[in-house]
Amino acid sequence: MTERAPLLNYRLYTAPEPRSSRNDGQHPPPKKLSTFFGVVIPTLLSMFSVVLFLRIGQATDSIRVLPQSYWYELLYGTVILILCLLVCLVGADIYAKASFIIFLVVILVLCTIFVSFFVVSPKSINITLSLGNISEASFTGFKLSTLKSNLPPDYIEDYTTGDMMSFAAVFAVMFNGCTGIMAGSNMSGDLKNPSYSIPRGTITAVIFTYIIYNILSLMISCTCERLLLQKDYDFLKEINVWHPFVLIGIYSSTLSASMSNLIGASRILYALAKDDVFGKLLMPAKKTSRGGNPWAAVLISWVLVQLVLFAGKLNTIAGIVTVFFLLVYAAVDLACLALEWASAPNFRPTFRYFTWHTCVLGIIGCGIMMFLISPIYASCSIAFMLILLLVLHYVSPSSSWGYISQALIFHQVRKYLLMLDVRKDHVKFWRPQILLMVANPRTSTQLISFTNDLKKSGLYVLGHVQKGNLDEMASDPLQAQYDSWLSLVDALNVKSFVSLTLSDSVRHGVQHLLFISGLGGMRPNTLILGFYDDCVPENGLQQIPAFSYNSSSIMNEQDCSLQPNFPPARDASSPKALSGKEYVAIISDSIKMLKNVCLARYFCQLNKTELFSRKNYEISIDVWPLNTLRPDSANYVDTCSLFLLQMACILNMVRSWRSAKLRIFLCVESGNSVGEQDKKLKQLLRQLRIKGSIKTLHWDSVAALHWHKQMDQVDGSEGSFANTFPSNAMKISDDYLMAVNKMISEQGAHPAIRFLYLPRPPADVTLHERYLEQLDIMTKNLGPTLLIHGISAVTSTDL
């Protein structure tokens, strides 16, 4: 019983309609042909297996029907393989039906085997030894003495191959019974919902196989003598209530494993050919039928399997097959380990017990067992894999489905910086690379610390612009400030770089930093600015122990690196370094340069130590993915809204913020389909693997203020309706904005952070002041708030 047992994979893997048969309805599979291949052929195969294997040689009461030799057995295997080929050529839908019939047959056989241990009386069984002698071994029934006698190891020669057995050899044979767990992954292209079906089907199959194997092993050890187990591989047939049942079960499970591997291997081969992973080497495997079935890949796989049949006995090739499967499992573990170590924000596995520790243990365990089974086979398989990697490196063309190497290289910046290639960037490995503009570190300590949480292992640059003209100065004034900035980075324990520039205006300085910050693929894609308002900045530098006047490091004359060389905080009477128009112009410049923009307000009120030390206090992160300045164009799935959700999710993934609850607010009007919008948003969050609760708000009274203002302007205007309808968001009234502010502030207790949609600034420069007024009214007294305008695609639902 060394064939693949996890037939339970069928229940979850093939429940959806396979993708290969879900065409446009133009070429539906013939119903009569589907019935013939899916029902008739598996039934005939089961009957044929009974007739084929009722023969003399391993049991004295068998009847020889067909001749038995190496070439006849090769012929029988070839005939069965051709029948499996016919099933797989029709498609995955037929394979699903055939597997279901075989699944029922194997379950029935397993039930009869378990029942036989209890109903069959103890008896002696004749065994033909290697020299032709006949001996007797006993089926004792359940006895403790039988179990005790079977516990110690006692390996002998395998009577089918003549090789001396060992733990590694037995493991190699038994391991083939657990290789069917990859069937669902191999057929992921034919599944309707692979991210749901594959993990559940795989785990269920493993558990099912584990339970069946252990129960069966325990029952056999308690009822069968060691001689019977060593000399007769068909002993279960002799103790079954009906002998042919065991043969049916053995060859039905073998048949299922054959079809599973044949169709799974063909799907992998077709996927490699379709994605041009090996260039033109696999061009023939691209051909498909009108229904989408990769018949060419099936034929190629069939030829390869036919070559394996020449090896003869299963135990002869068991070691090779097991070593290759262990290598495959180690490679899968390595891929998951690479994704985990890359810390890509979009790698959010739904399996709750996934850790990098299990990946490492899997790799080590597979490697050890490979060399225990056969050092020669293990070395050859690894060499073969390295050859494939070399071929892949030199033959594979550029692809558009992402490079895990790019995500890993990011963590090795100093050593591999020149290997980063912006042409290989992919949305799956996107991460925020932030340039935070700091006017004065004394007033920005909380925002600097918060941005460090928001970067999610991405590039983080602290930028500062000092106004001046280098022609009028004796030396660069910024060089003397670098030590203080680096000391600030060390004191705040943030992982960031510092970039300072000298310019005639703040706007031009920000442009310089956006152009030149970073190297290669490490360049800022997100700009964060403090909010432009009339609030008096507070000096928060003294709250940092390293910069406190009582700090021993400051008082130590030998270490003056921590002495703050920053200007004092601006008081209420001091002028600002830039005007409101210039501030909005910086936002417009950043968007033109394809940079995401975030405006941070009231972050001086954010105290993480106090926030997370409160007991019985629910911390929340509120997300409002709605352009409140354009309520007439509400859209929760545009690029900016998705960027908003991504940034909130990234913050929630940080260890110190994991206890916070993510709340997404859905603003709807009564006339719209509320349930449909809520359903679509939930489906979006599920696809993006973002865990958050949706809060639906009926904001008719708030939206009415906007529409009432719009209609008043239309009624009081002259000329055509098309020319006078106020589509410009700048004409929104303050009453509407105050109502929006009130609606946001009234949603439960004060959240830790609010994420709001930042509208694009108006193109008309004369409206920049009004734009700032609207943002000020909308966010006034809301606590720590981040206004975000995203232009980058940051999410992907592709596997």
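What follows is a short walk through this model, which is predicted.

First, the chain as a whole. The secondary structure comes to 29 helices and 12 strands. There are 799 residues, and 47% of them are buried. The chain exposes about 40,400 Å², with 60% of that supplied by carbon and sulfur atoms. Take the contacts with a separation of 6 or more: residues 24 or more positions apart account for 79% of them.

Where is Ser517 found? It is in the loop between α20, residues 506–516, and β6, residues 526–530. Is Ser517 buried or exposed? Its relative accessible area is 4%, and buried means under 20%, so Ser517 is buried. A polar atom of the Ser517 side chain lies 2.5 Å from the backbone oxygen of Leu513. Leaving out residues up to four places away in sequence, Ser517 touches Leu435, Ser499, His512, Met522, Arg523 and Pro524.

Next, the second largest pocket. It holds about 1,400 Å³ of space. Of its 43 lining residues, Ala439, Asn440, Thr443, Ser444 and Pro537 are the closest to its centre. Both α20 and β6, the elements on either side of the Ser517 loop, are among those that each supply at least two residues of this lining. Which element gives the largest share? That is β4, with 5 residues. By class, the lining has 26 nonpolar, 11 polar and 6 charged residues.

That is the end of my part.

Definitions and conventions:
Residues are numbered from 1 along each chain as its sequence is written. This is a predicted model: local features need pLDDT of at least 70, side-chain atom pairs count only at pLDDT 80 or more; totals for chains, interfaces and linings use all residues. Side-chain values use heavy atoms; hydrogens and water are left out. Helices (H or I, at least four residues) and strands (E, at least two) are DSSP runs, numbered from the N terminus. Buried means under 20% relative accessible area, exposed over 50%, partly exposed in between (1.4 Å probe, protein chains only). A polar contact is a pair of N or O atoms within 3.5 Å; within protein, one must be able to donate a hydrogen and the other to accept it, and residues adjacent in sequence count only if both atoms are side-chain atoms. Contact means heavy atoms within 4.5 Å. Accessible areas come from the Shrake-Rupley method with a 1.4 Å probe; for residues, only the protein chains shown count as cover. On a 1 Å grid over the protein atoms alone, a cavity is a set of points where a 1.4 Å probe fits but cannot get out, and a pocket is an open set with protein on both sides within 12 Å along at least five of seven lines; lining residues have an atom within 4 Å of a point. Grid points are joined across faces, edges and corners, and a volume is the space filled by probe spheres set on the points. Ala, Val, Leu, Ile, Met, Phe, Trp, Tyr, Cys and Pro count as nonpolar, Asp, Glu, Lys and Arg as charged, and the others, Gly among them, as polar.
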